[in-house]
Amino acid sequence: MPLATPLAVEFDNVTRHFGPAGAPVRAVDGVSVGITEGCFFAMLGPSGSGKTTCLRLISGFERPTSGHIRIFGQNSEAIPPNRRPVNTVFQDYALFPHLTVRDNVAYGPRMAGVDRRTRHAAAEEMLALVKLSGYGDRKPAALSGGQRQRVALARALVNRPRVLLLDEPLGALDLKLREAMQEELKSLQQSLGITFVFVTHDQGEALSMADRVAVFNDGKIVQEGTPQDIYERPRTRFVADFVGSANVLSPELSARAGGPARWTSLRGEAVALTAPGAGRITGTVRSLRYMGAVTRVTVATPGGDLTATVPAALPLPAQGATVGLHWPADALHEMEGGA
Amino acid sequence: MRSDRAPLGLRIAAFAGLAFLHLPILLIFVYAFTTEDKSYQWPPPGFTTHWLGVTWNRPDVWEALSLSLRVAAISTCIALILGTLAAAAVSRAAFWGREAVTLLVILPIALPGIITGIALRSAFNLGEIPFSTLTIVLGHATFCIVVVYNNTVARFRRISGSMLEASADLGANGFQTFAHVVLPNIATALLAGGMLAFALSFDEVIVTTFTAGQQATLPIWMLEELVRPRQRPVTNVVAMVVVIVTALPILAAYYLTRGGTDTAGSGK
(Lines give C-alpha, C1' and ligand atoms only; values in the text may rest on other atoms or scores of the structure.)
Protein backbone atom coordinates (compact mmCIF):
# COMPACT_ATOMS: atom_id res chain seq x y z
CA MET A 1 0.00 0.00 0.00
CA PRO A 2 1.56 3.33 -0.94
CA LEU A 3 1.40 5.31 2.28
CA ALA A 4 1.85 8.68 0.59
CA THR A 5 -1.77 8.77 -0.69
CA PRO A 6 -4.29 9.31 2.09
CA LEU A 7 -6.58 6.42 2.96
CA ALA A 8 -10.29 6.98 2.35
CA VAL A 9 -11.32 3.87 4.25
CA GLU A 10 -9.20 1.72 6.50
CA PHE A 11 -10.19 -1.62 8.03
CA ASP A 12 -8.10 -2.37 11.09
CA ASN A 13 -8.50 -6.03 12.05
CA VAL A 14 -12.29 -5.82 11.71
CA THR A 15 -14.49 -8.72 12.78
CA ARG A 16 -18.26 -8.91 12.56
CA HIS A 17 -20.10 -11.81 14.13
CA PHE A 18 -23.78 -12.65 13.76
CA GLY A 19 -25.90 -14.97 15.84
CA PRO A 20 -25.39 -16.20 19.40
CA ALA A 21 -22.14 -15.44 21.21
CA GLY A 22 -21.58 -19.14 21.85
CA ALA A 23 -21.66 -20.17 18.20
CA PRO A 24 -21.11 -17.01 16.20
CA VAL A 25 -21.21 -16.83 12.42
CA ARG A 26 -18.09 -14.93 11.41
CA ALA A 27 -19.38 -12.85 8.50
CA VAL A 28 -16.21 -10.76 8.58
CA ASP A 29 -13.19 -12.30 10.23
CA GLY A 30 -10.13 -10.16 10.89
CA VAL A 31 -10.16 -7.96 7.80
CA SER A 32 -7.39 -5.37 7.48
CA VAL A 33 -7.22 -3.34 4.30
CA GLY A 34 -6.65 0.25 3.21
CA ILE A 35 -8.59 1.88 0.39
CA THR A 36 -6.74 4.87 -1.05
CA GLU A 37 -8.58 8.06 -1.91
CA GLY A 38 -9.74 8.30 -5.52
CA CYS A 39 -9.38 4.57 -6.04
CA PHE A 40 -11.89 2.26 -7.75
CA PHE A 41 -11.86 -0.59 -5.27
CA ALA A 42 -13.66 -3.88 -5.93
CA MET A 43 -14.65 -6.37 -3.26
CA LEU A 44 -14.92 -9.67 -5.08
CA GLY A 45 -16.13 -12.96 -3.69
CA PRO A 46 -18.85 -15.60 -3.74
CA SER A 47 -22.11 -14.92 -1.89
CA GLY A 48 -21.69 -15.23 1.85
CA SER A 49 -18.01 -14.36 1.71
CA GLY A 50 -18.44 -11.18 3.76
CA LYS A 51 -18.02 -8.56 1.05
CA THR A 52 -21.48 -7.02 1.45
CA THR A 53 -21.08 -6.98 5.23
CA CYS A 54 -17.82 -5.05 4.74
CA LEU A 55 -19.70 -2.52 2.62
CA ARG A 56 -22.39 -2.19 5.29
CA LEU A 57 -19.67 -1.68 7.90
CA ILE A 58 -18.46 1.32 5.89
CA SER A 59 -21.98 2.74 5.43
CA GLY A 60 -22.67 2.20 9.14
CA PHE A 61 -25.60 -0.25 8.87
CA GLU A 62 -23.41 -2.80 10.65
CA ARG A 63 -21.10 -2.24 13.58
CA PRO A 64 -17.85 -4.19 13.93
CA THR A 65 -17.82 -6.80 16.71
CA SER A 66 -14.16 -5.92 17.16
CA GLY A 67 -11.59 -3.84 15.34
CA HIS A 68 -11.91 -0.35 13.87
CA ILE A 69 -13.01 1.25 10.64
CA ARG A 70 -11.49 4.63 9.93
CA ILE A 71 -13.03 6.87 7.29
CA PHE A 72 -10.52 9.57 6.28
CA GLY A 73 -8.54 8.82 9.41
CA GLN A 74 -11.53 9.22 11.72
CA ASN A 75 -12.80 6.34 13.84
CA SER A 76 -16.29 5.69 12.54
CA GLU A 77 -17.89 3.51 15.22
CA ALA A 78 -19.69 6.41 16.93
CA ILE A 79 -20.94 7.99 13.70
CA PRO A 80 -24.48 6.94 12.62
CA PRO A 81 -25.12 6.16 8.93
CA ASN A 82 -26.83 9.49 8.27
CA ARG A 83 -23.74 11.48 9.30
CA ARG A 84 -21.09 9.59 7.33
CA PRO A 85 -19.47 11.14 4.24
CA VAL A 86 -20.44 8.09 2.21
CA ASN A 87 -23.46 7.22 0.09
CA THR A 88 -24.71 3.88 -1.16
CA VAL A 89 -26.18 2.58 -4.39
CA PHE A 90 -28.30 -0.30 -3.17
CA GLN A 91 -28.56 -3.64 -4.91
CA ASP A 92 -32.34 -3.27 -5.36
CA TYR A 93 -31.87 0.52 -5.92
CA ALA A 94 -34.29 1.24 -3.02
CA LEU A 95 -35.91 4.18 -4.81
CA PHE A 96 -38.82 5.83 -3.00
CA PRO A 97 -41.91 4.77 -4.98
CA HIS A 98 -44.07 7.66 -3.78
CA LEU A 99 -41.63 10.35 -4.96
CA THR A 100 -40.88 11.50 -8.50
CA VAL A 101 -37.45 10.86 -9.96
CA ARG A 102 -36.51 14.49 -9.26
CA ASP A 103 -37.64 14.29 -5.63
CA ASN A 104 -35.83 10.97 -5.22
CA VAL A 105 -32.58 12.58 -6.34
CA ALA A 106 -33.26 15.71 -4.26
CA TYR A 107 -33.95 13.64 -1.12
CA GLY A 108 -30.45 14.01 0.35
CA PRO A 109 -30.28 17.81 -0.10
CA ARG A 110 -33.83 18.07 1.26
CA MET A 111 -32.81 16.26 4.45
CA ALA A 112 -29.86 18.62 4.67
CA GLY A 113 -32.26 21.59 4.61
CA VAL A 114 -31.46 22.84 1.12
CA ASP A 115 -34.28 24.99 -0.31
CA ARG A 116 -36.52 23.62 -3.04
CA ARG A 117 -35.14 25.61 -5.97
CA THR A 118 -31.49 24.84 -5.22
CA ARG A 119 -32.05 21.15 -4.62
CA HIS A 120 -34.16 20.75 -7.73
CA ALA A 121 -31.43 22.42 -9.76
CA ALA A 122 -28.86 20.07 -8.23
CA ALA A 123 -31.11 17.09 -9.00
CA GLU A 124 -31.51 18.13 -12.63
CA GLU A 125 -27.74 18.53 -12.93
CA MET A 126 -27.20 15.01 -11.60
CA LEU A 127 -29.92 13.57 -13.84
CA ALA A 128 -28.11 15.16 -16.79
CA LEU A 129 -24.88 13.55 -15.60
CA VAL A 130 -26.47 10.10 -15.70
CA LYS A 131 -28.23 10.94 -19.01
CA LEU A 132 -31.75 11.10 -17.61
CA SER A 133 -32.60 14.73 -18.35
CA GLY A 134 -36.33 15.13 -18.83
CA TYR A 135 -37.24 12.15 -16.63
CA GLY A 136 -37.62 14.24 -13.46
CA ASP A 137 -41.42 14.15 -13.33
CA ARG A 138 -41.76 10.39 -13.69
CA LYS A 139 -42.28 7.94 -10.87
CA PRO A 140 -39.70 5.15 -10.44
CA ALA A 141 -42.32 2.56 -11.43
CA ALA A 142 -42.40 4.11 -14.92
CA LEU A 143 -38.67 3.52 -15.51
CA SER A 144 -36.74 0.54 -16.84
CA GLY A 145 -34.22 -1.33 -14.69
CA GLY A 146 -31.28 0.47 -16.23
CA GLN A 147 -32.92 3.85 -15.73
CA ARG A 148 -33.70 3.09 -12.09
CA GLN A 149 -30.08 2.17 -11.63
CA ARG A 150 -29.04 5.59 -12.96
CA VAL A 151 -31.53 7.34 -10.67
CA ALA A 152 -30.07 5.47 -7.69
CA LEU A 153 -26.61 6.58 -8.82
CA ALA A 154 -27.70 10.21 -9.22
CA ARG A 155 -29.44 10.14 -5.83
CA ALA A 156 -26.21 9.04 -4.16
CA LEU A 157 -23.89 11.33 -6.11
CA VAL A 158 -25.94 14.51 -5.57
CA ASN A 159 -24.74 14.54 -1.95
CA ARG A 160 -21.10 14.84 -3.12
CA PRO A 161 -20.01 11.83 -1.07
CA ARG A 162 -16.28 11.33 -0.54
CA VAL A 163 -16.80 7.60 -0.90
CA LEU A 164 -19.49 5.97 -3.04
CA LEU A 165 -20.49 2.44 -2.07
CA LEU A 166 -22.01 0.23 -4.74
CA ASP A 167 -23.63 -3.06 -3.71
CA GLU A 168 -23.76 -5.30 -6.80
CA PRO A 169 -25.38 -2.43 -8.69
CA LEU A 170 -25.31 -4.15 -12.06
CA GLY A 171 -26.57 -7.54 -10.91
CA ALA A 172 -30.16 -7.02 -12.07
CA LEU A 173 -29.28 -5.71 -15.53
CA ASP A 174 -29.01 -7.74 -18.71
CA LEU A 175 -25.59 -8.39 -20.22
CA LYS A 176 -25.50 -5.61 -22.80
CA LEU A 177 -26.77 -2.96 -20.40
CA ARG A 178 -24.35 -4.21 -17.77
CA GLU A 179 -21.37 -3.76 -20.08
CA ALA A 180 -22.50 -0.26 -21.02
CA MET A 181 -22.96 0.66 -17.35
CA GLN A 182 -19.53 -0.75 -16.47
CA GLU A 183 -17.90 1.68 -18.85
CA GLU A 184 -20.06 4.57 -17.70
CA LEU A 185 -19.33 3.89 -14.04
CA LYS A 186 -15.63 3.72 -14.75
CA SER A 187 -15.55 7.03 -16.65
CA LEU A 188 -17.83 8.64 -14.06
CA GLN A 189 -15.44 7.62 -11.30
CA GLN A 190 -12.49 9.00 -13.22
CA SER A 191 -14.16 12.33 -13.98
CA LEU A 192 -15.51 12.83 -10.44
CA GLY A 193 -12.34 11.58 -8.76
CA ILE A 194 -14.19 10.15 -5.75
CA THR A 195 -13.47 6.79 -4.18
CA PHE A 196 -15.71 3.96 -5.39
CA VAL A 197 -16.07 0.79 -3.35
CA PHE A 198 -17.77 -1.78 -5.50
CA VAL A 199 -19.10 -5.15 -4.34
CA THR A 200 -19.49 -7.87 -6.95
CA HIS A 201 -19.38 -11.61 -7.43
CA ASP A 202 -18.51 -11.19 -11.12
CA GLN A 203 -14.74 -11.54 -11.52
CA GLY A 204 -14.81 -10.10 -15.06
CA GLU A 205 -16.53 -6.98 -13.77
CA ALA A 206 -14.07 -6.59 -10.90
CA LEU A 207 -10.98 -7.11 -13.05
CA SER A 208 -12.09 -4.81 -15.87
CA MET A 209 -13.30 -1.90 -13.74
CA ALA A 210 -11.25 -1.75 -10.57
CA ASP A 211 -7.87 -0.23 -9.78
CA ARG A 212 -7.54 -2.65 -6.92
CA VAL A 213 -9.39 -5.85 -6.10
CA ALA A 214 -9.83 -7.62 -2.76
CA VAL A 215 -10.88 -11.27 -3.09
CA PHE A 216 -13.03 -12.44 -0.19
CA ASN A 217 -13.57 -15.95 1.08
CA ASP A 218 -15.13 -17.05 4.38
CA GLY A 219 -15.05 -13.54 5.82
CA LYS A 220 -11.38 -13.02 5.09
CA ILE A 221 -9.52 -11.22 2.35
CA VAL A 222 -7.45 -13.92 0.65
CA GLN A 223 -5.72 -11.57 -1.77
CA GLU A 224 -5.67 -7.85 -2.38
CA GLY A 225 -3.91 -6.22 -5.31
CA THR A 226 -4.20 -4.87 -8.82
CA PRO A 227 -6.34 -6.83 -11.32
CA GLN A 228 -3.07 -8.01 -12.94
CA ASP A 229 -1.80 -9.36 -9.61
CA ILE A 230 -5.03 -11.23 -9.03
CA TYR A 231 -5.26 -12.57 -12.55
CA GLU A 232 -1.64 -13.48 -13.19
CA ARG A 233 -0.39 -14.29 -9.71
CA PRO A 234 -3.26 -15.77 -7.68
CA ARG A 235 -2.00 -16.34 -4.17
CA THR A 236 -4.14 -19.33 -3.30
CA ARG A 237 -6.05 -22.09 -5.06
CA PHE A 238 -9.30 -20.36 -4.08
CA VAL A 239 -8.32 -17.17 -5.92
CA ALA A 240 -7.17 -19.11 -8.98
CA ASP A 241 -10.42 -21.10 -8.99
CA PHE A 242 -12.67 -18.14 -8.35
CA VAL A 243 -11.08 -15.79 -10.84
CA GLY A 244 -11.35 -18.77 -13.13
CA SER A 245 -8.57 -17.83 -15.50
CA ALA A 246 -6.00 -20.41 -14.56
CA ASN A 247 -5.39 -24.12 -14.30
CA VAL A 248 -4.62 -25.26 -10.80
CA LEU A 249 -1.88 -27.92 -10.71
CA SER A 250 -1.48 -30.21 -7.74
CA PRO A 251 2.11 -30.64 -6.40
CA GLU A 252 2.26 -34.09 -8.11
CA LEU A 253 1.11 -32.80 -11.48
CA SER A 254 3.42 -29.79 -11.26
CA ALA A 255 6.41 -32.01 -10.44
CA ARG A 256 5.53 -34.47 -13.19
CA ALA A 257 5.51 -31.59 -15.70
CA GLY A 258 8.92 -30.40 -14.54
CA GLY A 259 7.75 -27.68 -12.16
CA PRO A 260 8.16 -27.31 -8.37
CA ALA A 261 6.37 -29.84 -6.13
CA ARG A 262 3.93 -27.16 -4.99
CA TRP A 263 0.40 -26.04 -5.77
CA THR A 264 0.83 -23.91 -8.88
CA SER A 265 -1.38 -21.97 -11.26
CA LEU A 266 -1.03 -21.92 -15.01
CA ARG A 267 -2.97 -19.57 -17.29
CA GLY A 268 -4.68 -21.21 -20.26
CA GLU A 269 -3.22 -18.67 -22.73
CA ALA A 270 0.31 -19.83 -21.80
CA VAL A 271 -0.44 -23.43 -22.75
CA ALA A 272 0.30 -24.50 -26.33
CA LEU A 273 -0.77 -27.77 -27.99
CA THR A 274 2.05 -29.89 -29.42
CA ALA A 275 2.52 -33.35 -30.90
CA PRO A 276 2.16 -36.19 -28.34
CA GLY A 277 5.37 -36.59 -26.33
CA ALA A 278 6.81 -33.27 -27.51
CA GLY A 279 5.41 -31.17 -24.64
CA ARG A 280 5.85 -31.20 -20.91
CA ILE A 281 2.94 -33.59 -20.49
CA THR A 282 0.70 -35.70 -22.72
CA GLY A 283 -3.02 -36.36 -22.49
CA THR A 284 -6.27 -36.91 -24.41
CA VAL A 285 -8.63 -34.15 -25.46
CA ARG A 286 -11.74 -34.37 -23.24
CA SER A 287 -13.75 -31.42 -24.53
CA LEU A 288 -13.66 -28.34 -26.75
CA ARG A 289 -15.50 -25.16 -25.81
CA TYR A 290 -15.86 -22.62 -28.58
CA MET A 291 -15.73 -19.08 -27.12
CA GLY A 292 -15.48 -16.98 -30.30
CA ALA A 293 -12.00 -15.52 -30.37
CA VAL A 294 -10.59 -18.56 -28.60
CA THR A 295 -11.45 -22.18 -27.99
CA ARG A 296 -10.89 -23.74 -24.59
CA VAL A 297 -9.47 -27.22 -25.01
CA THR A 298 -9.64 -29.40 -21.90
CA VAL A 299 -7.07 -32.19 -21.87
CA ALA A 300 -7.19 -35.11 -19.45
CA THR A 301 -3.67 -35.87 -18.21
CA PRO A 302 -2.57 -38.54 -15.70
CA GLY A 303 -2.36 -35.87 -12.98
CA GLY A 304 -5.68 -34.10 -13.72
CA ASP A 305 -7.42 -31.93 -16.31
CA LEU A 306 -5.60 -28.99 -17.90
CA THR A 307 -7.22 -26.36 -20.10
CA ALA A 308 -5.43 -24.67 -22.98
CA THR A 309 -6.86 -21.52 -24.55
CA VAL A 310 -6.26 -21.84 -28.29
CA PRO A 311 -6.61 -18.71 -30.50
CA ALA A 312 -9.07 -19.06 -33.36
CA ALA A 313 -6.31 -18.91 -36.02
CA LEU A 314 -4.65 -22.16 -34.84
CA PRO A 315 -5.80 -25.68 -35.82
CA LEU A 316 -7.88 -27.58 -33.27
CA PRO A 317 -7.42 -31.23 -32.27
CA ALA A 318 -10.33 -33.66 -32.47
CA GLN A 319 -12.08 -34.80 -29.31
CA GLY A 320 -10.34 -37.91 -27.97
CA ALA A 321 -7.08 -37.16 -29.78
CA THR A 322 -3.78 -37.54 -27.94
CA VAL A 323 -1.89 -34.26 -27.68
CA GLY A 324 1.12 -32.84 -25.88
CA LEU A 325 0.97 -29.68 -23.76
CA HIS A 326 3.80 -27.20 -23.50
CA TRP A 327 4.34 -23.91 -21.64
CA PRO A 328 7.24 -21.60 -20.83
CA ALA A 329 9.00 -22.43 -17.57
CA ASP A 330 8.08 -19.08 -16.00
CA ALA A 331 4.36 -19.50 -16.76
CA LEU A 332 3.99 -21.78 -13.75
CA HIS A 333 3.10 -19.66 -10.74
CA GLU A 334 3.62 -21.03 -7.23
CA MET A 335 0.77 -20.59 -4.73
CA GLU A 336 0.51 -20.66 -0.96
CA GLY A 337 -0.79 -23.51 1.11
CA GLY A 338 -0.66 -27.24 0.82
CA ALA A 339 -4.35 -27.99 0.94
CA MET B 1 -64.96 -16.55 -28.54
CA ARG B 2 -66.01 -16.84 -24.94
CA SER B 3 -68.92 -14.87 -23.63
CA ASP B 4 -68.10 -12.89 -20.48
CA ARG B 5 -71.80 -12.66 -19.55
CA ALA B 6 -72.93 -14.94 -16.75
CA PRO B 7 -75.87 -17.30 -17.44
CA LEU B 8 -79.31 -15.82 -16.83
CA GLY B 9 -80.08 -18.11 -13.88
CA LEU B 10 -76.93 -17.14 -12.06
CA ARG B 11 -77.62 -13.47 -12.58
CA ILE B 12 -81.17 -13.80 -11.22
CA ALA B 13 -79.83 -15.66 -8.17
CA ALA B 14 -77.22 -12.97 -7.57
CA PHE B 15 -79.81 -10.20 -7.78
CA ALA B 16 -82.12 -12.11 -5.47
CA GLY B 17 -79.33 -12.51 -2.93
CA LEU B 18 -78.45 -8.83 -3.05
CA ALA B 19 -82.13 -7.87 -2.75
CA PHE B 20 -82.53 -10.13 0.29
CA LEU B 21 -79.54 -8.39 1.90
CA HIS B 22 -80.48 -4.83 1.11
CA LEU B 23 -84.29 -4.49 0.83
CA PRO B 24 -84.81 -4.60 4.63
CA ILE B 25 -82.61 -1.50 4.87
CA LEU B 26 -84.94 0.29 2.46
CA LEU B 27 -87.82 -0.79 4.70
CA ILE B 28 -86.24 1.13 7.57
CA PHE B 29 -86.07 4.22 5.38
CA VAL B 30 -89.76 3.87 4.45
CA TYR B 31 -90.88 3.51 8.07
CA ALA B 32 -89.02 6.69 8.95
CA PHE B 33 -91.67 8.57 6.97
CA THR B 34 -94.80 6.67 7.99
CA THR B 35 -97.78 8.40 9.62
CA GLU B 36 -98.41 5.43 11.92
CA ASP B 37 -96.35 5.57 15.15
CA LYS B 38 -97.53 2.63 17.29
CA SER B 39 -96.78 -0.42 15.17
CA TYR B 40 -95.02 -1.13 11.89
CA GLN B 41 -98.00 -1.42 9.58
CA TRP B 42 -97.52 -2.42 5.93
CA PRO B 43 -98.22 -0.70 3.66
CA PRO B 44 -97.77 2.57 5.59
CA PRO B 45 -101.12 4.41 5.78
CA GLY B 46 -99.43 7.69 4.74
CA PHE B 47 -96.15 9.54 4.46
CA THR B 48 -94.89 12.51 6.46
CA THR B 49 -91.63 14.28 7.26
CA HIS B 50 -93.04 15.07 10.71
CA TRP B 51 -90.65 12.65 12.48
CA LEU B 52 -87.53 14.39 11.22
CA GLY B 53 -88.53 17.45 13.24
CA VAL B 54 -89.55 15.38 16.26
CA THR B 55 -86.20 13.60 16.22
CA TRP B 56 -84.36 16.88 15.89
CA ASN B 57 -86.04 18.14 19.09
CA ARG B 58 -85.38 15.06 21.22
CA PRO B 59 -82.44 15.83 23.56
CA ASP B 60 -81.83 12.12 24.33
CA VAL B 61 -81.05 11.51 20.64
CA TRP B 62 -78.45 14.25 20.66
CA GLU B 63 -76.88 12.96 23.88
CA ALA B 64 -76.58 9.44 22.48
CA LEU B 65 -75.26 10.68 19.13
CA SER B 66 -72.67 12.92 20.76
CA LEU B 67 -71.50 10.12 23.05
CA SER B 68 -71.18 7.70 20.12
CA LEU B 69 -69.21 10.21 18.07
CA ARG B 70 -66.86 10.97 20.95
CA VAL B 71 -66.29 7.30 21.74
CA ALA B 72 -65.67 6.46 18.08
CA ALA B 73 -63.28 9.39 17.63
CA ILE B 74 -61.20 8.63 20.74
CA SER B 75 -61.13 4.85 20.11
CA THR B 76 -60.01 5.46 16.54
CA CYS B 77 -57.20 7.78 17.68
CA ILE B 78 -55.98 5.23 20.25
CA ALA B 79 -56.22 2.47 17.63
CA LEU B 80 -54.31 4.49 15.03
CA ILE B 81 -51.38 5.03 17.39
CA LEU B 82 -51.22 1.60 19.04
CA GLY B 83 -52.23 -0.36 15.93
CA THR B 84 -49.56 1.33 13.81
CA LEU B 85 -46.89 0.78 16.46
CA ALA B 86 -47.83 -2.90 16.78
CA ALA B 87 -47.82 -3.33 13.00
CA ALA B 88 -44.42 -1.65 12.73
CA ALA B 89 -42.95 -3.87 15.43
CA VAL B 90 -44.36 -7.11 14.04
CA SER B 91 -43.40 -6.42 10.43
CA ARG B 92 -40.04 -4.70 10.87
CA ALA B 93 -38.36 -6.19 13.92
CA ALA B 94 -37.50 -9.74 14.87
CA PHE B 95 -38.01 -10.36 18.58
CA TRP B 96 -38.79 -13.17 20.95
CA GLY B 97 -42.52 -13.97 21.03
CA ARG B 98 -43.38 -12.14 17.82
CA GLU B 99 -45.71 -14.90 16.65
CA ALA B 100 -47.54 -14.82 19.98
CA VAL B 101 -47.93 -11.05 19.78
CA THR B 102 -49.32 -11.35 16.25
CA LEU B 103 -51.96 -13.79 17.48
CA LEU B 104 -52.78 -11.81 20.63
CA VAL B 105 -53.30 -8.60 18.67
CA ILE B 106 -55.82 -10.26 16.36
CA LEU B 107 -57.57 -12.25 19.12
CA PRO B 108 -60.05 -9.53 20.27
CA ILE B 109 -61.79 -9.53 16.88
CA ALA B 110 -61.86 -13.34 16.71
CA LEU B 111 -63.35 -13.65 20.21
CA PRO B 112 -67.12 -13.22 20.47
CA GLY B 113 -67.90 -9.68 21.61
CA ILE B 114 -69.80 -11.07 24.57
CA ILE B 115 -66.59 -12.68 25.92
CA THR B 116 -64.62 -9.46 25.47
CA GLY B 117 -67.49 -7.61 27.18
CA ILE B 118 -67.73 -9.92 30.20
CA ALA B 119 -63.93 -10.02 30.56
CA LEU B 120 -63.63 -6.25 30.50
CA ARG B 121 -66.55 -5.80 32.89
CA SER B 122 -64.97 -8.16 35.44
CA ALA B 123 -61.62 -6.45 35.00
CA PHE B 124 -63.13 -2.98 35.52
CA ASN B 125 -64.94 -4.24 38.63
CA LEU B 126 -61.76 -5.77 40.04
CA GLY B 127 -59.83 -2.59 39.31
CA GLU B 128 -62.70 -0.54 40.80
CA ILE B 129 -62.82 1.59 37.67
CA PRO B 130 -66.22 3.33 37.49
CA PHE B 131 -68.14 2.79 34.25
CA SER B 132 -67.91 5.91 32.13
CA THR B 133 -67.04 7.14 28.67
CA LEU B 134 -63.50 5.94 29.38
CA THR B 135 -64.56 2.31 29.90
CA ILE B 136 -66.64 2.36 26.70
CA VAL B 137 -63.63 3.74 24.82
CA LEU B 138 -61.33 1.04 26.24
CA GLY B 139 -63.81 -1.64 25.17
CA HIS B 140 -64.02 -0.29 21.64
CA ALA B 141 -60.27 0.21 21.36
CA THR B 142 -59.73 -3.57 21.75
CA PHE B 143 -61.23 -4.30 18.34
CA CYS B 144 -60.40 -0.95 16.68
CA ILE B 145 -56.69 -1.66 17.19
CA VAL B 146 -57.05 -4.91 15.25
CA VAL B 147 -58.67 -3.15 12.30
CA VAL B 148 -55.91 -0.56 12.07
CA TYR B 149 -53.23 -3.21 12.67
CA ASN B 150 -54.54 -5.46 9.90
CA ASN B 151 -54.62 -2.61 7.42
CA THR B 152 -51.16 -1.24 8.16
CA VAL B 153 -49.24 -4.48 8.74
CA ALA B 154 -49.63 -5.50 5.09
CA ARG B 155 -48.42 -2.10 3.97
CA PHE B 156 -45.45 -2.16 6.31
CA ARG B 157 -44.38 -5.50 4.86
CA ARG B 158 -44.24 -3.90 1.44
CA ILE B 159 -41.80 -1.19 2.53
CA SER B 160 -38.45 -2.77 1.79
CA GLY B 161 -35.77 -2.57 4.46
CA SER B 162 -33.31 -1.08 2.03
CA MET B 163 -35.68 1.85 1.45
CA LEU B 164 -35.38 2.84 5.11
CA GLU B 165 -31.62 2.32 4.95
CA ALA B 166 -31.47 4.44 1.79
CA SER B 167 -33.22 7.23 3.65
CA ALA B 168 -30.70 7.07 6.51
CA ASP B 169 -27.86 6.78 4.01
CA LEU B 170 -29.03 10.03 2.39
CA GLY B 171 -28.81 11.84 5.71
CA ALA B 172 -32.30 11.47 7.21
CA ASN B 173 -32.69 10.86 10.93
CA GLY B 174 -35.37 8.53 12.32
CA PHE B 175 -38.11 11.18 12.45
CA GLN B 176 -37.37 12.40 8.93
CA THR B 177 -37.45 8.84 7.62
CA PHE B 178 -40.82 8.29 9.30
CA ALA B 179 -42.26 11.54 7.97
CA HIS B 180 -40.91 11.37 4.42
CA VAL B 181 -40.76 7.64 3.66
CA VAL B 182 -42.87 5.56 6.08
CA LEU B 183 -45.89 7.84 6.52
CA PRO B 184 -46.51 8.52 2.80
CA ASN B 185 -46.37 4.79 2.17
CA ILE B 186 -48.84 3.81 4.90
CA ALA B 187 -51.09 6.91 4.74
CA THR B 188 -53.96 5.35 2.78
CA ALA B 189 -53.84 2.22 4.97
CA LEU B 190 -54.09 4.43 8.05
CA LEU B 191 -57.02 6.33 6.57
CA ALA B 192 -58.82 3.14 5.59
CA GLY B 193 -58.10 1.45 8.94
CA GLY B 194 -59.19 4.55 10.83
CA MET B 195 -62.47 4.83 8.93
CA LEU B 196 -63.29 1.16 9.44
CA ALA B 197 -62.44 1.45 13.12
CA PHE B 198 -64.68 4.52 13.42
CA ALA B 199 -67.58 2.76 11.72
CA LEU B 200 -67.18 -0.38 13.84
CA SER B 201 -67.09 1.63 17.04
CA PHE B 202 -70.05 3.76 16.00
CA ASP B 203 -72.50 0.84 15.75
CA GLU B 204 -71.04 -1.47 18.39
CA VAL B 205 -73.63 -2.91 20.81
CA ILE B 206 -72.41 -6.02 22.60
CA VAL B 207 -69.17 -4.86 24.19
CA THR B 208 -70.79 -1.50 24.94
CA THR B 209 -73.64 -3.05 26.96
CA PHE B 210 -71.04 -4.54 29.31
CA THR B 211 -68.71 -1.55 29.58
CA ALA B 212 -71.19 1.35 29.71
CA GLY B 213 -72.69 2.61 32.93
CA GLN B 214 -75.85 4.71 32.81
CA GLN B 215 -74.84 6.24 29.48
CA ALA B 216 -76.30 5.06 26.20
CA THR B 217 -74.49 5.18 22.88
CA LEU B 218 -76.66 5.57 19.81
CA PRO B 219 -77.12 1.83 19.10
CA ILE B 220 -77.94 1.14 22.75
CA TRP B 221 -80.43 4.00 22.76
CA MET B 222 -82.08 2.50 19.65
CA LEU B 223 -82.43 -0.91 21.28
CA GLU B 224 -84.12 0.72 24.28
CA GLU B 225 -86.44 2.73 22.02
CA LEU B 226 -87.62 -0.36 20.16
CA VAL B 227 -89.04 -1.77 23.37
CA ARG B 228 -91.18 1.32 23.96
CA PRO B 229 -94.16 1.73 21.55
CA ARG B 230 -93.95 5.51 21.50
CA GLN B 231 -92.84 7.70 18.58
CA ARG B 232 -91.46 4.61 16.88
CA PRO B 233 -90.52 6.30 13.58
CA VAL B 234 -87.99 8.42 15.53
CA THR B 235 -85.90 5.26 15.86
CA ASN B 236 -86.14 4.76 12.12
CA VAL B 237 -85.01 8.31 11.43
CA VAL B 238 -81.99 7.73 13.67
CA ALA B 239 -81.34 4.35 12.03
CA MET B 240 -81.33 6.05 8.65
CA VAL B 241 -78.72 8.52 9.89
CA VAL B 242 -76.61 5.68 11.29
CA VAL B 243 -76.71 3.82 7.96
CA ILE B 244 -75.53 6.91 6.13
CA VAL B 245 -72.87 7.86 8.70
CA THR B 246 -71.35 4.34 8.74
CA ALA B 247 -71.71 3.53 5.05
CA LEU B 248 -69.91 6.63 3.79
CA PRO B 249 -66.56 6.00 5.55
CA ILE B 250 -66.64 2.31 4.63
CA LEU B 251 -67.23 3.18 0.98
CA ALA B 252 -64.43 5.75 1.15
CA ALA B 253 -62.09 3.21 2.76
CA TYR B 254 -62.91 0.71 0.02
CA TYR B 255 -62.03 3.16 -2.72
CA LEU B 256 -58.86 4.33 -0.98
CA THR B 257 -57.37 0.86 -0.47
CA ARG B 258 -58.51 -0.50 -3.82
CA GLY B 259 -55.63 1.13 -5.72
CA GLY B 260 -53.09 0.40 -3.00
CA THR B 261 -51.75 -2.88 -4.30
CA ASP B 262 -48.91 -1.41 -6.35
CA THR B 263 -47.43 1.04 -3.87
CA ALA B 264 -44.23 0.77 -1.89
CA GLY B 265 -42.50 -2.15 -3.59
CA SER B 266 -38.77 -2.35 -3.73
CA GLY B 267 -38.80 -1.02 -7.27
CA LYS B 268 -37.72 -4.08 -9.20
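Analyst: Rings of Phe, Tyr and Trp (its six-membered ring) pair if their centres lie within 6.5 Å, and planes under 30 degrees apart count as stacked, over 60 as edge-to-face and the rest as tilted. This is a predicted model, in which local features need pLDDT of at least 70 and side-chain atom pairs count only at pLDDT 80 or more, while totals for chains, interfaces and linings use all residues. Residues are numbered from 1 along each chain as its sequence is written, chains are lettered from A in the order in which they are written, and side-chain values use heavy atoms, with hydrogens and water left out.

User: How many aromatic pairs does the rule give over all chains?

Analyst: Over all chains, the rule gives eight aromatic pairs. In one of them, the ring centres of Phe40(A) and Phe196(A) are 5.4 Å apart and the planes meet at 45°, so this pair is tilted.

User: Where do Phe40(A) and Phe196(A) lie in chain A?

Analyst: Strands are DSSP runs of E with at least two residues, numbered from the N terminus. Phe40(A) belongs to strand E3 (residues 40–44) and Phe196(A) to strand E8 (residues 195–200), so the pair ties together parts 156 residues apart in sequence. Phe40(A), Phe196(A) and Phe198(A) form one aromatic cluster.

User: Is Phe40(A) buried or exposed?

Analyst: Buried means under 20% relative accessible area, exposed over 50%, and partly exposed in between (1.4 Å probe, protein chains only). Phe40(A) is buried at 0% relative accessibility, and Phe196(A) is also buried, with a relative accessible area of 0%.

Technical notes: Helix = DSSP H or I, 4+ residues; strand = E, 2+ residues; numbered from the N terminus.
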